Amino acid sequence: MALLEIKNLHTRIAEDGTEILRGVDLTVNAGEVHAIMGPNGSGKSTLSYVLAGKENYEVTEGEVLFNGENILEMGPDERAMAGMFLAFQYPIEIPGVATITFLKAALNSQRKARGLDELPTPDFMKLVREKAKQMNITSDMLKRPLNVGFSGGEKKRSEILQMALLEPTLCVLDETDSGLDIDALKVVSNGVNALRSPERAMIVITHYQRLLDHIVPDIVHVLSAGKIVKTGGPDLALELEKNGYADYIGEAA
Amino acid sequence: MTADNTALSTAAERALIEQYEAASTGDAVKLMREKAIAGFRSRGLPNRRVEEWKYTDLRRGMNEALPIAEMPAAAEAKAAVDTVAGFGDMAGARIVFVNGLYAPELSEISGVEGLTIRSLAATLAKSRPQGLGELAASLTDSALDLNTAFMRDGALIDVAAGAEIEKPVEILHVAAGEPAATYTRHVVRVGEGAKVCFSEVYSGKGHYQTNTAIEFSAAKGAEVSWIKLQNESREAQHLSTLLSRLDGEVGFDHFIFNSGAHLSRTQTFLRFDGEGSRAELRSAMLITEEQHCDVTLVVDHAVPNCESREFCKSVIDGAAKGVFQGRINVFPHAQKTDGRMVSQALFLSESVEMAYKPELEIFADDVQCAHGATSGQIDEDLLFYLRARGIPEAEARTLLVLAFLSEVIEEIGDEQVVETLEERTRTWLGY
């Protein structure tokens, strides 16, 4: 059974009815890394939000099966507990909630959902410190309110730290490379690569081939005007970098 | 004496007058009481035509005068106090009032150097306590008049000059459950350069009425922090008046946490009487269902070079109504005054109401005064982010409400107090 199966997914923006996804089909198996590339406005971020359960979008047709179960009726928290993780393109700032408090609440909620006991604080601290070190996140950052005053790179590193801590089975990375300098890109990529495993799949959404030098995908898709218009191997990304999306924009329209 | 009862249009008002006449105590402050009841007789209960009470119409809200409360049996009093969680065991001294009356066997008032606590009732039997009525004389207010007319007991607290009282002094008020009215009056005087923290707690069961007033003065260089926790029963009425006067170079940090009572009004009057003083008046209210909560602050900058901050955070759910009134008066010659007030409200339902009335009256020309207000709902994007990490919706909302309040609560600094208040917030949210 595939880990994720998206079948003929159509969505529109709830507020104004604008159609974004117009029949996306995608199958992701455990252990695979898929890259989704595409021009601005093709629906990449929408796809990530719809997978995570953001309420601003309406699914008009199709289904999304995660571990064989239709998740479209599930809330974002239930999806996360089922093993879904979205690394946000723009991580949200939450003043008043310390990063460490947030991490603890998230981890313990997920443990509870899996029938495990809450992690005792010393064990939790040890775990977080260890994972934070790998992501170059200082204990000072952990004490600060979540994402408040974090640089672009710090926000993205914090997203990957959360991913490492929560150990999801499907990681959706939405333009994780945007706003990163070369060094930060390496730290983030290493963090992501460390999480690659036969049980876990990843969907990496990006504009640029650059990220895919670091996180090498098994399969590359081109999303254009709300549909996947081309699927290939890692070479497809190189071709796109050279020729741009011009060839595919026409195809979808 | 033929009384002019024309201002008294409701049954509650007439009943209050009858109660007063029936009680007719002959103690040391008889004259003060007579004057207060005459004031009440001429004005009646505050109503919407009284500007200061515009958003809290007590004439409509208070439709009965409950009998004056009596002390319950010792075991019952102890049981009532035992169920109340103040700030745990952190208090150094503790004076307990059950149904508005001093309960010596449940209190611990001696043994702290530099601190003197006496019962008002015991003193009143003999003489007029020093300071009683001094600050009250400057205010025309019916809630305060009723307190003066009916005051039964209270704490007379003196902190000696230079004393540093390490642990908080707790003033605990517990209503034991009878439908009755309590009137407590405290006089708190902090000496020169003294340092002290007070925690003032209200709690109870069932249907009752609390009317409490405090006259508080701080001498030069005193550092006082004060936390008031109003956690009355949801059927109770809570009226409280704090009259405070600060001498020069005083630091005063006041925090009010309102979550109880069907109807509450917490009014604070603060007067700067010496230069170089600073006061922070922060408050948090958490209300739901049909609760009505009024926080009113009046700051008088009577001298130059003082700084005041008023910061009110409100979390309102159900069909509750919050009121925040802040007034800053800058007297002529009170130059270099720095006064600011901010009100921020978080609405958890669509049927809530919040009234915000800022007033700045400035008669000096070299001052800084400002006010601002915001209100909003829980940000859906924040909620989505938390839920996308597996935090269930109810818990995510709790985290966001705590985050909203953290700015006023964490300023308190004392970790145990912060934790207690956060715990209360979680309980209030049903989490």
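1. Let's start with a loop. B:E289 sits in the loop that joins β13 to β14 (292–301) of chain B. Please keep in mind throughout that this is a predicted model. The phi angle of B:E289 is near 50°, which is a positive value in a residue other than glycine.

2. Helix α2 of chain B covers residues 30–43, 14 residues in total, and at 1.5 Å a residue it should span 20 Å. Its end C-alpha atoms are 20 Å apart, so expectation and model agree.

3. Which residues of α2(B) are buried? They are B:M32, B:R33, B:A36, B:I37, B:G39, B:F40 and B:R41. Among the elements covering these buried residues are α1 (11–23), α5 (120–124) and α6 (142–150) of chain B.

4. Now for the domains. The domain assignment of chain B gives domain 1 as 68–379 and domain 2 as 380–431. Where they touch, domain 1 of chain B contributes 30 residues and domain 2 of chain B contributes 23 residues. Taken over C-alpha atoms, the centres of these two domains of chain B are 25 Å apart.

5. How much area is buried between domain 1 of chain B and domain 2 of chain B? The figure is about 2,300 Å², with carbon and sulfur atoms giving 71% of it. On the domain 1 side, B:K313, B:I378 and B:D379 together supply 28% of the area buried against domain 2 of chain B, more than any other three residues.

6. Eight residue pairs are in polar contact between domain 1 of chain B and domain 2 of chain B, both residues of each pair being at pLDDT 80 or more. Strands β9 (223–231), β11 (251–258), β13 (278–287), β15 (307–316) and β17 (338–347) of chain B each give two or more residues to the domain 1 side. Of the elements on that side, β13(B) gives the most, with six residues. One salt bridge is found across the interface. B:K313 forms a salt bridge with B:E407, and their closest N and O atoms are 3.1 Å apart.

7. Finally, chain B meets chain A. Here 19 residues of chain B are in contact with 33 residues of chain A. The two chains bury about 2,000 Å² between them, 66% of it on carbon and sulfur atoms. B:F384, B:Y385 and B:R389 supply 41% of what chain B buries against chain A, more than any other three residues.

8. How many salt bridges link chain B and chain A? The count is four, along with 10 residue pairs in polar contact, both residues at pLDDT 80 or more. One salt bridge joins A:E159 to B:R389, with the closest N and O atoms 2.8 Å apart. The elements giving two or more residues to the chain B side are α7 (380–387) and α8 (393–409) of chain B. The largest share of that side, seven residues, comes from α7(B).

Notes:
Residues numbered from 1 in each chain as written. Chains lettered and ligands numbered in written order. Predicted model: local features only at pLDDT ≥ 70, side-chain atom pairs only at ≥ 80, totals over all residues. Heavy atoms only, no water. Helix = DSSP H or I, 4+ residues; strand = E, 2+ residues; numbered from the N terminus. Expected span 1.5 Å × (residues − 1). Buried < 20%, exposed > 50% of the residue type's maximum accessible area, 1.4 Å probe, protein only. Contact = heavy atoms within 4.5 Å. Domains from an automatic or database assignment. Buried area = accessible area lost by both parts, 1.4 Å probe. Salt bridge = Lys/Arg side-chain N within 4 Å of Asp/Glu carboxyl O. Polar contact = N/O pair within 3.5 Å; in protein donor to acceptor, adjacent residues only side chain to side chain.
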